[in-house]
Structures are given as structure tokens and as C-alpha cells.
There are 2 protein chains.
Amino acid sequence: MSGSEPKVVVEMSMSLDGFVATPDHSTDEVHAWYEGGDVAVTMPNIELTFHVDAASAPIVRDAFELGANVTGRVTFDDAQAWGGDDPMGIPSFIVTHRIPDEWKDRDSPFVFVTDGVESAIAQAKAAARYGRPVGVAGGDIAMQCLRAGLLDELWIHLVPVLLGEGIRLFDELDGSPVRLRQSRVVEGRQVVHLFYEVAEHLPR
Amino acid sequence: MSGSEPKVVVEMSMSLDGFVATPDHSTDEVHAWYEGGDVAVTMPNIELTFHVDAASAPIVRDAFELGANVTGRVTFDDAQAWGGDDPMGIPSFIVTHRIPDEWKDRDSPFVFVTDGVESAIAQAKAAARYGRPVGVAGGDIAMQCLRAGLLDELWIHLVPVLLGEGIRLFDELDGSPVRLRQSRVVEGRQVVHLFYEVAEHLPR
């Protein structure tokens with residue numbers, strides 16, 4: 001682990017028109033590239049194997065090598081708690097207003113954080129394995145981090161589909177422009193992997 | 001000219017969050033990459049030279065080699081009629097409900113089309129120089145073409161900025177998903193050039 005703090009990153013598959021899911025929370029279209037090739041990549045902690053193209057495989061493997069996860073409540077519920085454990089087997093912080101009843105008063109691999117995203121990020125940075133990046137999952141939480149200046153990088157898998165409606169990744173920006181630094185571009189099969197650093201919050 | 005019809009393409013610079021201009025129609029941020037390097041590229045028909053990075057230069061030159069232009073009225077007005085002539089010096093069709101007073105009853109390099117975008121595209125295809133692609137400019141007209149099945153390709157210059165608000169390219173899609181084919185990706189300096197073919201209109 002280096003002396004510097006773990007980075008905070010959001011990694012999302014997004015349609016060209018900016019949606020991460022359909023109105024009924026389906027991610028089938030934006031995640032189609034996870035079955036777009038024949039290189040098998042397996043999640044570290046759950047029985048789930050994807051088959052991606054050769055250029056995308058190292059990208060996916062890197063994205064599975066996070067130090068801790070911070071997840072919003074909607075994403076946590078949509079994922080049905082990933083069957084009961086963090087899918088990467090790393091410290092896992094769920095940002096919520098209220099601890100779900102089914103997770104109260106029992107041993108849990110999840111830490112439910114009820115005092116806001118800033119607290120969740122601080123706890124996740126402290127807990128991050130090997131100083132690896134903290135992943136932020138869920139559009140709402142990601143945008144809260146961005147607005148609060150807590151987000152360091154965006155890893156976007158841009159998918160060749162126009163969904164027309166649904167859940168936007170960048171819907172809650174509040175009109176304050178953010179300049180990014182395009183650090184890396186990788187062309188996959190029917191997906192482009194775009195890596196950005198948050199550079200500068202511009203005045204409105 | 002080949003026996004096939006000219007393609008219809010929309011070429012736009014777009015922020016990562018999907019905006020082609022700010023709320024007050026400024027394109028300074030999304031067009032910053034046109035001055036992001038030191039390779040001079042000059043517009044064919046007006047005194048305007050850009051300075052782009054080496055990877056972007058051939059992309060820009062190709063985009064200036066269109067056969068005809070179809071432009072929406074808002075873009076035409078925002079551009080102040082490009083000083084009085086099409087910037088590429090090619091057949092130029094302006095889609096509008098009403099011919100602007102200052103262009104009535106005089107010689108004009110522009111054809112004002114008042115019977116809709118389908119008519120404009122048909123006329124532009126027939127007039128396209130050397131069978132080169134017909135360019136569609138203006139988000140509203142581009143989306144009308146997409147909805148009507150008139151659009152063949154999207155050439156998107158994706159820019160590393162989040163504008164947060166403004167004029168969206170894909171705002172008027174009416175919720176009908178469109179699958180694209182990612183045909184080419186070129187990494188420029190602080191811009192990614194993305195080429196897509198319109199593949200399939202999916203059921204809602």
C-alpha cells in the first residue's frame with residue numbers, strides 16, 4: 001500500500017444517451033458486452049462468470065480488484081444483496097437512511113452507513129484492501145460523491161445503444177459543470193472503455 | 001458516385017453527460033478540442049481554421065467532406081447563417097416552418113424546406129456532391145431523422161466534461177430504443193471520436 005489515500009472511482013456501463021438502466025431497472029442492454037466475447041472472467045467472490053472480448057478482459061479484471069465498495073440502497077436492493085455477501089468479498093458499505101429489517105441484529109458482511117455518503121467514503125478508504133480503489137456503485141450515490149468533491153475517477157463502459165429513457169448516471173449534477181481529464185480509451189467489441197479523472201469543478 | 005444512395009450522418013461534439021450546448025447555446029466547452037492541438041485544419045468555404053491533435057485531424061477533414069447539409073432552423077439562426085453561405089460550400093437545406101424574412105425574395109445559397117425533414121433529406125440526397133454523405137446538423141433535426149428511420153450513422157466527438165444542464169443531443173427519442181453498431185473508435189487529445197451505424201429500432 002502506498003502512502004497516498006485510495007482513489008474513489010465509479011465504474012458503470014452506460015448507453016450512448018446516458019442511461020445505466022431502463023425505467024424498470026433492467027441493465028440487460030447496457031451489460032450485453034459482458035457476454036460479448038469468449039474470454040471467461042469470473043467474479044472474485046460469487047459464482048458468476050462473464051465472457052468478454054480480449055480487449056475488455058483486463059479491464060473487467062481490474063474492475064474486480066477494488067479495495068472496498070460503497071453502494072447505494074437502491075442498487076443494493078436491486079441486486080438483492082448479491083445473495084448475502086459482497087460480490088468481490090471486500091469491505092462493503094451500504095449507504096441508507098435506515099438499516100433494512102432483514103439485516104438488523106445479525107452478523108453481516110455489510111456495514112450500513114446511515115450518516116451520509118461522506119462518512120461511507122471515509123470508512124471505505126480506511127478499510128480498503130491493499131490501498132486499492134474504493135468503488136462507488138449506484139448513480140445517485142456516485143453523483144452525491146461527485147458533487148461533494150469525493151470522486152477521483154470515472155470508469156465508463158460506453159455501450160452502442162440509445163435507450164431513450166431510464167435511469168441516468170449524470171442526472172443529479174445540479175447544473176455545476178465538471179471538467180474531466182481523459183486518461184485512457186480502450187476499444188472493446190461493441191463497448192468503449194473510457195477512463196476519466198475528475199479535474200476541476202467549474203463555476204456555474 | 002457509386003450506385004448506392006448517400007448516407008445520412010449526424011456529426012456532433014457531445015459532453016460525457018450528453019449535452020451539445022449549454023442552456024444559453026454556448027458550445028465553447030464541447031468544441032474546446034477543435035483548438036486542442038497544433039495541426040491546422042481549415043473549413044472548405046469560410047475563413048476558419050482549427051488546430052487539432054494529429055489523431056483528430058483526419059477525422060475533422062473527413063467531416064468537412066460532406067455532399068450536402070441539412071440544418072435545423074435553431075442551428076441556422078445560432079450560426080447566423082454562417083455569414084451568408086454554407087460553411088462547406090455544398091448544397092445546403094434549412095428545415096424551417098417559415099422562410100426567414102431576410103432570405104425571402106433574393107438569391108440565396110440556401111434551400112429553405114418547409115415541408116418537413118423527410119423532404120429535406122430526399123432533396124439533400126439527390127443534390128449531394130459526388131454521392132458523399134448528407135450531414136444533419138442540429139439536435140432536434142437529427143433526432144427527427146433518427147425517429148423517422150432516415151439516419152444511417154452517428155459520428156460523435158465525446159468530450160471529457162460534464163455540463164450538468166443544457167441542450168441534449170438525444171432528448172427527443174420518445175423512449176424507443178435504438179441499437180447501434182460501433183464501427184470505429186479514435187482516441188484524440190481530450191476527445192474520443194465514436195462512429196456508429198444505426199442498426200435496429202427495438203420495440204419499446
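This is a predicted model: local features need pLDDT of at least 70, side-chain atom pairs count only at pLDDT 80 or more; totals for chains, interfaces and linings use all residues.

1. Symmetry. Chain A superposes on chain B by a rotation of 180 degrees, with 0.0 Å of shift along the axis and an RMSD of 0.0 Å. The two copies are therefore related as by a two-fold rotation axis. In chain A, the residue that comes closest to this axis is A:Gly18, its C-alpha lying at 3.2 Å. Both copies use the same surface, since 100% of the contact residues of chain A recur in chain B.

2. Extent of the interface. Chain A contributes 36 residues to the contact and chain B contributes 36 residues. Between them the chains bury about 3000 Å², of which 58% is on carbon and sulfur atoms. On the chain A side, the most area is lost by A:Leu16, A:Leu162 and A:Gln182, which together account for 23% of what that side buries.

3. Composition of the interface. Twelve residue pairs are in polar contact between chain A and chain B, counting pairs with both residues at pLDDT 80 or more. Four strands of chain A, namely β9 (153–159), β10 (161–162), β12 (178–188) and β13 (191–201), each supply at least two residues of the side that touches chain B. The largest share of that side, nine residues, comes from β12(A). By residue type, the side of chain A that touches chain B divides into 21 nonpolar, six polar and nine charged residues.

4. Salt bridges across the interface. Two salt bridges are counted between chain A and chain B. In one salt bridge, A:Arg179 pairs with B:Glu29, with the closest N and O atoms 2.7 Å apart. B:Glu29 lies in the loop between β2 (19–21) and β3 (39–42) of chain B, and A:Arg179 lies in strand β12 of chain A, so the pair joins two chains. Both partners are partly exposed: B:Glu29 has 21% relative accessibility and A:Arg179 has a relative accessible area of 32%.

5. Salt bridges within chain A. Over all chains, the structure holds 18 salt bridges. A:Arg132 forms one with A:Glu65, the closest N and O atoms being 3.1 Å apart. This pair links distant parts of the chain, 67 residues apart: A:Arg132 is in the loop between α3 and β8 (134–137), and A:Glu65 is in the loop between α1 (57–63) and β5 (68–72). A:Arg132 is partly exposed at 29%, as is A:Glu65 at 40%. A further salt bridge joins A:Asp101 to A:Lys104, with a closest N to O distance of 3.4 Å; A:Lys104 is partly exposed, at 36% relative accessibility.

6. A buried lysine. Is A:Lys125 buried or exposed? A:Lys125, in helix α3 (residues 117–127) of chain A, has a relative accessible area of 19% and therefore counts as buried, the cut-off being under 20%. Beyond its neighbours within four places in sequence, A:Lys125 is in contact with A:Glu5, A:Pro6, A:Val8 and A:Val134. A:Ala68 is 57 residues from A:Lys125 in sequence, with 7.4 Å between their C-alpha atoms.

7. Helix α4 of chain B. Buried residues in helix α4 (residues 139–147) of chain B include B:Ile141, B:Met143, B:Cys145 and B:Leu146. Just after α4(B), B:Gly149 takes a positive phi of about 70 degrees.

Technical notes:
Residues are numbered from 1 along each chain as its sequence is written. Chains are lettered from A and ligands numbered from 1 in the order in which they are written. Side-chain values use heavy atoms; hydrogens and water are left out. Buried means under 20% relative accessible area, exposed over 50%, partly exposed in between (1.4 Å probe, protein chains only). Contact means heavy atoms within 4.5 Å. Copies are superposed by least squares on the C-alpha atoms of residues with pLDDT of at least 70 in both. Buried area is the accessible area (1.4 Å probe) that two parts lose on being put together, summed over both. A salt bridge is a side-chain nitrogen of Lys or Arg within 4 Å of a carboxyl oxygen of Asp or Glu. A polar contact is a pair of N or O atoms within 3.5 Å; within protein, one must be able to donate a hydrogen and the other to accept it, and residues adjacent in sequence count only if both atoms are side-chain atoms. Ala, Val, Leu, Ile, Met, Phe, Trp, Tyr, Cys and Pro count as nonpolar, Asp, Glu, Lys and Arg as charged, and the others, Gly among them, as polar.
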